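Please keep the sequence and the structure in view while reading.

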Amino acid sequence: GIEVVAVVEQPKNLDMGDIAVPVFSVMKAIRKPLPEVVAFVKTLLLESFDVISEINPTGGFLNIRVKKTEICANILKEAVNKLGDFGNNDFGLDKNVVIDYSSPNIAKSFSIGHLRSTMIGNSLKLIYRKCGYNVFGINYLGDWGTQFGKMIIAYKKWGNLAEIKADPINKLTELYVRFHDEAKEDPSLEDEAREAFRKLETGDQEYYELWQWIREESLKESQQIYDLLHVSFDSYNGEAYYNDKMDPVVDELMEKGLLIDDQGAKIVRIGDDVPPALIKRSDGGSLYITRDLAALFYRKREYKFDKILYVVGNEQKLHFTQLKKVIEKMGYDFANDIEHVNFGLYLTGGKKISTRQGASHKLYDVLMKAIGLAYEQINAKNPDLENKEEIAKNVGIAAIVF
(Lines give C-alpha, C1' and ligand atoms only; values in the text may rest on other atoms or scores of the structure.)
Protein backbone atom coordinates (compact mmCIF):
# COMPACT_ATOMS: atom_id res chain seq x y z
CA GLY A 1 0.00 0.00 0.00
CA ILE A 2 3.03 2.32 -0.10
CA GLU A 3 3.68 4.23 -3.31
CA VAL A 4 7.22 3.82 -4.57
CA VAL A 5 8.88 5.35 -7.64
CA ALA A 6 10.95 2.68 -9.39
CA VAL A 7 13.68 3.52 -11.89
CA VAL A 8 14.55 1.24 -14.81
CA GLU A 9 18.12 1.28 -16.07
CA GLN A 10 20.31 -0.54 -18.53
CA PRO A 11 22.70 -2.86 -16.63
CA LYS A 12 26.34 -1.75 -16.74
CA ASN A 13 27.17 -5.29 -17.82
CA LEU A 14 24.64 -6.54 -20.41
CA ASP A 15 25.57 -10.15 -19.62
CA MET A 16 23.67 -9.63 -16.35
CA GLY A 17 20.33 -8.94 -18.04
CA ASP A 18 18.31 -6.68 -20.34
CA ILE A 19 17.13 -4.19 -17.71
CA ALA A 20 18.11 -3.38 -14.13
CA VAL A 21 15.84 -2.12 -11.35
CA PRO A 22 17.47 -0.59 -8.24
CA VAL A 23 15.45 -1.47 -5.10
CA PHE A 24 17.01 1.04 -2.68
CA SER A 25 13.92 3.29 -2.88
CA VAL A 26 11.69 0.30 -1.99
CA MET A 27 13.96 -0.59 0.92
CA LYS A 28 13.80 2.99 2.18
CA ALA A 29 10.00 3.20 1.82
CA ILE A 30 9.09 -0.08 3.55
CA ARG A 31 12.02 -0.08 6.04
CA LYS A 32 12.99 -3.72 5.51
CA PRO A 33 16.51 -5.18 5.07
CA LEU A 34 17.86 -5.49 1.52
CA PRO A 35 17.70 -9.35 1.20
CA GLU A 36 14.05 -9.34 2.27
CA VAL A 37 13.17 -6.52 -0.18
CA VAL A 38 15.00 -8.24 -3.05
CA ALA A 39 13.23 -11.55 -2.41
CA PHE A 40 9.83 -9.81 -2.13
CA VAL A 41 10.22 -7.72 -5.32
CA LYS A 42 11.64 -10.66 -7.30
CA THR A 43 8.62 -12.81 -6.44
CA LEU A 44 6.22 -9.97 -7.18
CA LEU A 45 7.76 -9.33 -10.64
CA LEU A 46 7.83 -13.01 -11.64
CA GLU A 47 4.16 -13.34 -10.67
CA SER A 48 3.17 -10.14 -12.48
CA PHE A 49 4.96 -10.51 -15.83
CA ASP A 50 5.01 -13.70 -17.88
CA VAL A 51 7.61 -12.21 -20.29
CA ILE A 52 10.37 -12.25 -17.64
CA SER A 53 12.62 -15.28 -18.09
CA GLU A 54 14.93 -14.75 -15.09
CA ILE A 55 15.96 -12.27 -12.41
CA ASN A 56 19.53 -12.08 -11.08
CA PRO A 57 19.92 -9.96 -7.94
CA THR A 58 23.27 -8.15 -7.59
CA GLY A 59 23.71 -5.87 -4.60
CA GLY A 60 20.74 -3.54 -4.55
CA PHE A 61 19.83 -4.23 -8.21
CA LEU A 62 17.52 -6.75 -9.83
CA ASN A 63 18.91 -7.64 -13.27
CA ILE A 64 16.00 -8.80 -15.38
CA ARG A 65 16.21 -10.88 -18.54
CA VAL A 66 13.10 -10.84 -20.74
CA LYS A 67 11.71 -13.16 -23.39
CA LYS A 68 12.45 -10.85 -26.33
CA THR A 69 10.94 -13.12 -28.99
CA GLU A 70 7.67 -13.31 -27.08
CA ILE A 71 7.59 -9.53 -26.50
CA CYS A 72 8.27 -8.87 -30.21
CA ALA A 73 5.56 -11.36 -31.23
CA ASN A 74 3.05 -9.68 -28.90
CA ILE A 75 3.87 -6.23 -30.28
CA LEU A 76 3.60 -7.39 -33.90
CA LYS A 77 0.27 -9.15 -33.23
CA GLU A 78 -1.09 -6.01 -31.62
CA ALA A 79 0.18 -3.86 -34.51
CA VAL A 80 -1.48 -6.13 -37.09
CA ASN A 81 -4.75 -6.31 -35.16
CA LYS A 82 -4.96 -2.57 -34.56
CA LEU A 83 -3.52 -1.52 -37.94
CA GLY A 84 -3.56 2.28 -38.16
CA ASP A 85 -4.68 2.64 -34.54
CA PHE A 86 -1.56 0.94 -33.15
CA GLY A 87 0.33 3.18 -30.77
CA ASN A 88 -2.47 5.75 -30.50
CA ASN A 89 -2.88 7.58 -27.23
CA ASP A 90 -4.65 10.73 -26.15
CA PHE A 91 -2.33 12.58 -23.77
CA GLY A 92 -2.07 15.40 -26.33
CA LEU A 93 -5.84 15.88 -26.58
CA ASP A 94 -6.88 19.55 -26.96
CA LYS A 95 -3.23 20.65 -27.25
CA ASN A 96 -1.72 22.33 -30.29
CA VAL A 97 1.79 21.83 -31.64
CA VAL A 98 3.36 23.83 -34.46
CA ILE A 99 6.31 22.23 -36.26
CA ASP A 100 8.53 24.32 -38.55
CA TYR A 101 10.44 21.95 -40.84
CA SER A 102 12.01 21.44 -44.29
CA SER A 103 12.01 25.18 -45.17
CA PRO A 104 14.27 25.14 -48.27
CA ASN A 105 15.52 28.33 -49.90
CA ILE A 106 13.67 29.05 -53.12
CA ALA A 107 15.51 29.62 -56.42
CA LYS A 108 17.85 26.72 -55.62
CA SER A 109 17.51 23.00 -56.20
CA PHE A 110 16.19 21.02 -53.24
CA SER A 111 19.44 19.56 -51.93
CA ILE A 112 20.33 16.51 -49.85
CA GLY A 113 21.06 19.02 -47.07
CA HIS A 114 17.31 19.59 -46.57
CA LEU A 115 16.45 15.91 -46.16
CA ARG A 116 17.06 15.76 -42.40
CA SER A 117 14.84 18.69 -41.46
CA THR A 118 12.15 17.40 -43.84
CA MET A 119 12.07 13.83 -42.52
CA ILE A 120 12.68 14.54 -38.81
CA GLY A 121 9.96 17.21 -38.91
CA ASN A 122 7.49 14.97 -40.74
CA SER A 123 8.18 12.07 -38.36
CA LEU A 124 7.59 14.32 -35.35
CA LYS A 125 4.34 15.50 -36.93
CA LEU A 126 3.14 11.88 -37.30
CA ILE A 127 4.23 10.96 -33.75
CA TYR A 128 2.51 13.99 -32.19
CA ARG A 129 -0.67 13.19 -34.14
CA LYS A 130 -0.51 9.61 -32.80
CA CYS A 131 -0.46 11.14 -29.32
CA GLY A 132 -3.68 13.08 -29.92
CA TYR A 133 -2.22 16.55 -30.53
CA ASN A 134 -3.53 18.97 -33.13
CA VAL A 135 -0.41 19.40 -35.28
CA PHE A 136 0.29 22.18 -37.77
CA GLY A 137 3.21 21.55 -40.13
CA ILE A 138 4.78 24.72 -41.54
CA ASN A 139 7.17 24.96 -44.47
CA TYR A 140 8.82 28.28 -43.62
CA LEU A 141 10.28 28.87 -47.07
CA GLY A 142 13.50 30.85 -47.39
CA ASP A 143 11.84 33.18 -49.89
CA TRP A 144 13.20 36.53 -48.72
CA GLY A 145 16.55 38.13 -47.91
CA THR A 146 19.61 39.54 -49.67
CA GLN A 147 20.09 36.38 -51.74
CA PHE A 148 17.18 37.64 -53.88
CA GLY A 149 19.05 40.86 -54.48
CA LYS A 150 21.94 38.69 -55.71
CA MET A 151 19.59 36.63 -57.88
CA ILE A 152 18.01 39.77 -59.42
CA ILE A 153 21.40 41.32 -60.25
CA ALA A 154 22.68 38.00 -61.71
CA TYR A 155 19.52 37.64 -63.79
CA LYS A 156 19.70 41.22 -65.12
CA LYS A 157 23.42 41.00 -65.96
CA TRP A 158 23.78 37.46 -67.36
CA GLY A 159 20.33 35.84 -67.57
CA ASN A 160 18.71 34.56 -70.73
CA LEU A 161 14.92 34.48 -70.24
CA ALA A 162 14.25 31.71 -72.79
CA GLU A 163 16.93 29.45 -71.24
CA ILE A 164 15.69 30.12 -67.71
CA LYS A 165 12.06 29.39 -68.62
CA ALA A 166 13.13 26.07 -70.20
CA ASP A 167 14.95 24.93 -67.03
CA PRO A 168 14.18 27.46 -64.26
CA ILE A 169 15.82 26.12 -61.11
CA ASN A 170 19.02 24.77 -62.68
CA LYS A 171 19.60 27.99 -64.62
CA LEU A 172 18.84 30.18 -61.58
CA THR A 173 21.24 28.08 -59.48
CA GLU A 174 23.94 28.57 -62.14
CA LEU A 175 23.36 32.34 -61.99
CA TYR A 176 23.58 32.29 -58.17
CA VAL A 177 26.91 30.44 -58.32
CA ARG A 178 28.18 32.84 -61.02
CA PHE A 179 27.25 35.86 -58.87
CA HIS A 180 29.47 34.61 -56.02
CA ASP A 181 32.34 33.84 -58.42
CA GLU A 182 32.14 37.31 -59.99
CA ALA A 183 31.73 39.04 -56.59
CA LYS A 184 35.12 37.69 -55.49
CA GLU A 185 36.69 39.82 -58.24
CA ASP A 186 34.20 42.70 -58.04
CA PRO A 187 32.92 43.34 -54.46
CA SER A 188 30.71 46.22 -55.69
CA LEU A 189 28.26 43.52 -56.88
CA GLU A 190 27.39 42.90 -53.21
CA ASP A 191 26.34 46.57 -52.88
CA GLU A 192 24.24 46.28 -56.04
CA ALA A 193 22.57 43.17 -54.60
CA ARG A 194 21.77 44.93 -51.30
CA GLU A 195 20.24 47.83 -53.23
CA ALA A 196 18.21 45.44 -55.41
CA PHE A 197 16.83 43.69 -52.31
CA ARG A 198 16.02 47.06 -50.72
CA LYS A 199 13.98 47.92 -53.84
CA LEU A 200 12.25 44.54 -53.64
CA GLU A 201 11.42 45.18 -49.96
CA THR A 202 9.94 48.57 -50.77
CA GLY A 203 7.67 47.09 -53.46
CA ASP A 204 9.43 47.63 -56.81
CA GLN A 205 6.92 46.17 -59.31
CA GLU A 206 9.44 44.60 -61.74
CA TYR A 207 11.50 42.99 -58.97
CA TYR A 208 8.40 41.78 -57.11
CA GLU A 209 6.97 40.04 -60.22
CA LEU A 210 10.33 38.38 -60.88
CA TRP A 211 10.53 37.21 -57.25
CA GLN A 212 6.96 35.85 -57.39
CA TRP A 213 7.71 33.84 -60.55
CA ILE A 214 10.90 32.37 -59.00
CA ARG A 215 8.92 31.36 -55.89
CA GLU A 216 6.23 29.58 -57.91
CA GLU A 217 8.80 27.66 -60.00
CA SER A 218 10.71 26.65 -56.86
CA LEU A 219 7.55 25.33 -55.21
CA LYS A 220 6.76 23.21 -58.28
CA GLU A 221 10.18 21.55 -58.05
CA SER A 222 9.98 21.05 -54.27
CA GLN A 223 6.52 19.49 -54.58
CA GLN A 224 8.01 16.68 -56.72
CA ILE A 225 10.26 15.79 -53.79
CA TYR A 226 7.49 16.06 -51.18
CA ASP A 227 5.24 13.78 -53.25
CA LEU A 228 8.00 11.15 -53.45
CA LEU A 229 8.66 11.36 -49.70
CA HIS A 230 4.93 11.47 -48.71
CA VAL A 231 5.57 14.69 -46.81
CA SER A 232 2.89 17.37 -46.44
CA PHE A 233 2.41 20.77 -44.81
CA ASP A 234 -0.47 22.88 -43.53
CA SER A 235 1.17 26.17 -44.48
CA TYR A 236 3.80 27.41 -46.94
CA ASN A 237 4.04 30.88 -45.43
CA GLY A 238 7.69 31.74 -45.91
CA GLU A 239 9.78 34.66 -44.69
CA ALA A 240 8.23 37.05 -47.23
CA TYR A 241 4.77 36.56 -45.70
CA TYR A 242 5.96 38.39 -42.58
CA ASN A 243 7.47 41.34 -44.42
CA ASP A 244 4.53 43.60 -43.47
CA LYS A 245 4.15 42.12 -39.95
CA MET A 246 7.50 43.17 -38.45
CA ASP A 247 6.78 46.82 -37.56
CA PRO A 248 4.44 46.02 -34.62
CA VAL A 249 7.16 43.79 -33.11
CA VAL A 250 9.82 46.48 -33.53
CA ASP A 251 7.42 49.07 -32.06
CA GLU A 252 6.73 46.83 -29.05
CA LEU A 253 10.45 46.31 -28.44
CA MET A 254 10.85 50.10 -28.59
CA GLU A 255 7.93 50.74 -26.19
CA LYS A 256 9.33 48.23 -23.69
CA GLY A 257 12.72 49.94 -23.76
CA LEU A 258 14.47 46.88 -25.17
CA LEU A 259 15.63 48.35 -28.49
CA ILE A 260 19.05 49.98 -28.30
CA ASP A 261 20.79 52.07 -30.97
CA ASP A 262 24.21 50.66 -31.87
CA GLN A 263 26.07 52.61 -34.57
CA GLY A 264 22.80 53.16 -36.44
CA ALA A 265 21.64 49.55 -36.10
CA LYS A 266 18.93 48.45 -33.63
CA ILE A 267 19.78 45.67 -31.20
CA VAL A 268 18.36 43.91 -28.12
CA ARG A 269 20.91 43.16 -25.41
CA ILE A 270 20.31 39.69 -24.07
CA GLY A 271 22.99 39.14 -21.43
CA ASP A 272 26.68 38.63 -20.90
CA ASP A 273 26.69 35.04 -22.12
CA VAL A 274 24.72 35.59 -25.38
CA PRO A 275 25.55 38.14 -28.13
CA PRO A 276 22.91 40.86 -28.72
CA ALA A 277 20.12 40.19 -31.22
CA LEU A 278 20.39 42.46 -34.27
CA ILE A 279 16.84 43.58 -35.07
CA LYS A 280 17.44 46.21 -37.79
CA ARG A 281 20.50 46.96 -39.89
CA SER A 282 21.90 50.50 -40.04
CA ASP A 283 20.32 50.92 -43.53
CA GLY A 284 16.91 50.08 -42.03
CA GLY A 285 16.79 46.59 -43.57
CA SER A 286 15.16 43.76 -41.64
CA LEU A 287 16.92 40.62 -40.51
CA TYR A 288 16.16 36.94 -40.12
CA ILE A 289 15.38 37.23 -36.39
CA THR A 290 13.02 40.19 -36.99
CA ARG A 291 10.97 38.06 -39.39
CA ASP A 292 11.17 35.06 -37.04
CA LEU A 293 9.76 37.16 -34.18
CA ALA A 294 6.90 38.37 -36.39
CA ALA A 295 6.27 34.76 -37.50
CA LEU A 296 6.30 33.52 -33.91
CA PHE A 297 3.67 36.04 -32.74
CA TYR A 298 1.54 35.30 -35.82
CA ARG A 299 1.71 31.54 -35.13
CA LYS A 300 0.80 32.04 -31.47
CA ARG A 301 -2.28 34.02 -32.49
CA GLU A 302 -3.23 31.76 -35.42
CA TYR A 303 -2.60 28.29 -33.91
CA LYS A 304 -2.68 29.01 -30.15
CA PHE A 305 0.19 26.56 -29.78
CA ASP A 306 1.15 24.83 -26.54
CA LYS A 307 4.51 24.01 -28.08
CA ILE A 308 6.42 25.10 -31.18
CA LEU A 309 9.27 23.02 -32.62
CA TYR A 310 11.90 24.36 -35.00
CA VAL A 311 13.51 21.44 -36.82
CA VAL A 312 16.63 23.26 -37.96
CA GLY A 313 20.34 22.39 -38.09
CA ASN A 314 22.71 22.81 -35.18
CA GLU A 315 24.41 25.83 -36.79
CA GLN A 316 21.30 27.90 -35.90
CA LYS A 317 21.60 27.18 -32.16
CA LEU A 318 22.58 30.78 -31.29
CA HIS A 319 19.68 32.17 -33.36
CA PHE A 320 17.07 30.17 -31.42
CA THR A 321 18.72 30.98 -28.08
CA GLN A 322 18.40 34.68 -29.00
CA LEU A 323 14.79 34.21 -30.16
CA LYS A 324 13.76 32.65 -26.83
CA LYS A 325 15.65 35.29 -24.82
CA VAL A 326 14.01 38.19 -26.71
CA ILE A 327 10.54 36.68 -26.10
CA GLU A 328 11.44 36.27 -22.40
CA LYS A 329 12.60 39.90 -22.18
CA MET A 330 9.34 41.01 -23.77
CA GLY A 331 7.59 39.33 -20.84
CA TYR A 332 5.84 36.43 -22.61
CA ASP A 333 5.65 33.10 -20.79
CA PHE A 334 5.46 31.08 -24.02
CA ALA A 335 9.25 31.44 -24.38
CA ASN A 336 9.39 28.07 -22.58
CA ASP A 337 7.24 26.48 -25.29
CA ILE A 338 9.86 27.16 -27.99
CA GLU A 339 12.06 24.18 -28.76
CA HIS A 340 14.93 23.89 -31.25
CA VAL A 341 15.16 20.32 -32.58
CA ASN A 342 18.70 20.36 -33.90
CA PHE A 343 20.83 17.96 -35.94
CA GLY A 344 24.21 17.86 -37.64
CA LEU A 345 25.30 18.66 -41.19
CA TYR A 346 25.83 16.52 -44.23
CA LEU A 347 29.47 16.87 -45.23
CA THR A 348 31.21 16.10 -48.52
CA GLY A 349 34.93 15.57 -48.19
CA GLY A 350 34.71 16.95 -44.67
CA LYS A 351 33.13 20.22 -45.86
CA LYS A 352 29.63 21.67 -45.67
CA ILE A 353 27.62 21.33 -48.88
CA SER A 354 27.39 24.82 -50.41
CA THR A 355 25.11 25.93 -53.25
CA ARG A 356 27.03 29.17 -53.79
CA GLN A 357 30.17 27.14 -54.54
CA GLY A 358 28.24 24.86 -56.89
CA ALA A 359 28.79 21.81 -54.67
CA SER A 360 25.17 20.99 -53.85
CA HIS A 361 23.75 17.47 -54.36
CA LYS A 362 20.18 17.48 -55.67
CA LEU A 363 17.95 15.29 -53.55
CA TYR A 364 15.86 14.31 -56.59
CA ASP A 365 18.94 12.86 -58.32
CA VAL A 366 19.94 10.94 -55.18
CA LEU A 367 16.42 9.48 -54.82
CA MET A 368 16.32 8.47 -58.51
CA LYS A 369 19.73 6.79 -58.18
CA ALA A 370 18.56 4.81 -55.12
CA ILE A 371 15.35 3.72 -56.91
CA GLY A 372 17.47 2.60 -59.90
CA LEU A 373 19.79 0.56 -57.66
CA ALA A 374 16.82 -1.08 -55.92
CA TYR A 375 15.38 -2.00 -59.34
CA GLU A 376 18.71 -3.56 -60.38
CA GLN A 377 18.71 -5.67 -57.20
CA ILE A 378 15.16 -6.88 -57.85
CA ASN A 379 15.99 -7.78 -61.46
CA ALA A 380 19.09 -9.68 -60.35
CA LYS A 381 17.47 -11.61 -57.50
CA ASN A 382 13.72 -11.73 -58.16
CA PRO A 383 13.07 -10.79 -61.82
CA ASP A 384 9.49 -12.19 -61.86
CA LEU A 385 8.35 -10.04 -58.92
CA GLU A 386 5.05 -8.24 -59.53
CA ASN A 387 4.93 -4.41 -59.26
CA LYS A 388 8.73 -4.21 -59.60
CA GLU A 389 8.73 -0.48 -60.35
CA GLU A 390 6.55 0.41 -57.36
CA ILE A 391 8.54 -1.80 -54.98
CA ALA A 392 11.87 -0.41 -56.26
CA LYS A 393 10.54 3.11 -55.71
CA ASN A 394 9.42 2.36 -52.14
CA VAL A 395 12.63 0.51 -51.23
CA GLY A 396 14.95 3.11 -52.81
CA ILE A 397 13.26 6.07 -51.11
CA ALA A 398 12.97 4.25 -47.76
CA ALA A 399 16.70 3.43 -47.88
CA ILE A 400 17.63 7.12 -48.33
CA VAL A 401 15.19 8.26 -45.65
CA PHE A 402 16.43 5.61 -43.20
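Two strands are said to pair if DSSP finds at least two bridges between them. By that criterion, strand 7 and strand 8 pair, in the antiparallel sense, over three bridges. The model described here is a predicted one.

- Three strands form an open sheet in the order 6-7-8, with antiparallel pairing. Strand 6 (259-262) and strand 8 are the edge strands, each of which pairs on one side only.
- On average, neighbouring strands of this sheet are turned by 45° against each other, direction ignored.
- Four bridges join strand 6 and strand 7 in the antiparallel sense. Within this pairing, Asp-262 stands opposite Ala-265 in strand 7.
- Strand 6 and strand 7 also form a hairpin, with two residues between them. Gln-263, in the turn, has a positive phi of about 55°.
- Helix 10 lies across strand 6, strand 7 and strand 8. Its direction runs at about 120° to strand 8.

- Strand 2 and strand 3 (residues 61-66) run antiparallel and are joined by six bridges. Ile-52 has Val-66 in strand 3 as its bridge partner.

**Helix 12 and its buried face**

- Helix 12 (residues 317-329) has 13 residues. From its first C-alpha to its last it reaches 19 Å, close to the 18 Å expected at 1.5 Å a residue.
- The residues His-319, Phe-320, Gln-322, Leu-323, Val-326 and Ile-327 of helix 12 are buried. Seen down the helix axis, the buried residues fall within an arc of 155°, so they line one face of helix 12.
- In general, an α-helix has 3.6 residues a turn, so residues three or four places apart point the same way.
- The buried residues of helix 12 pack against several elements, including helix 10 (247-255), helix 11 (288-303), strand 9 (307-311) and strand 10 (338-341). Strand 7 (265-268) and strand 8 (277-280) are also among the elements they pack against.
- Just after helix 12, Gly-331 takes a positive phi of about 95°.

**The packing of helix 5 and helix 8**

- Two packed helices are described by the angle between their axes and the distance between the axes.
- Helix 5 (residues 146-158) and helix 8 (residues 188-201) pack at an angle of about 110°, with their axes 7 Å apart. That angle makes helix 5 roughly perpendicular to helix 8.
- Among the residues that make the contact are Phe-148, Ile-152, Ile-153 and Trp-158 of helix 5 and Leu-189, Ala-193, Phe-197 and Leu-200 of helix 8.

**Two residues with a positive phi**

- Most residues other than glycine have a negative phi.
- Asp-94 has a phi near 65°, a positive value in a residue other than glycine. Asp-94 lies in the loop between helix 3 (68-82) and strand 4 (96-100), and at 70% relative accessibility it counts as exposed.
- Ser-102 is not a glycine, yet its phi is positive, at about 70°. Ser-102 is placed in the loop between strand 4 and helix 4 (115-130), and with a relative accessible area of 3% it is buried.

**Tyr-236 and its contacts**

- Tyr-236 lies in the loop between helix 9 (205-229) and helix 10. Its relative accessible area is 25%, and Tyr-236 is therefore partly exposed.
- Leaving aside neighbours within four places in sequence, Tyr-236 is in contact with Asn-139, Leu-141, Arg-215, Leu-219, Gln-223 and Tyr-226.
- The C-alpha atoms of Tyr-236 and Phe-49 are separated by 49 Å, and the two residues are 187 residues apart along the chain.

Methods: Residues are numbered from 1 along each chain as its sequence is written. This is a predicted model: local features need pLDDT of at least 70, side-chain atom pairs count only at pLDDT 80 or more; totals for chains, interfaces and linings use all residues. Side-chain values use heavy atoms; hydrogens and water are left out. The expected span of a helix is 1.5 Å times one less than its number of residues. Buried means under 20% relative accessible area, exposed over 50%, partly exposed in between (1.4 Å probe, protein chains only). The arc is that of the directions from the helix axis to the C-beta atoms. Contact means heavy atoms within 4.5 Å. Axes are lines fitted to C-alpha atoms, for helices over the stretch in contact, and angles run from 0 to 180 degrees between N-to-C directions. Angles under 35 degrees count as roughly parallel, over 145 as roughly antiparallel, 65 to 115 as roughly perpendicular and the rest as oblique.
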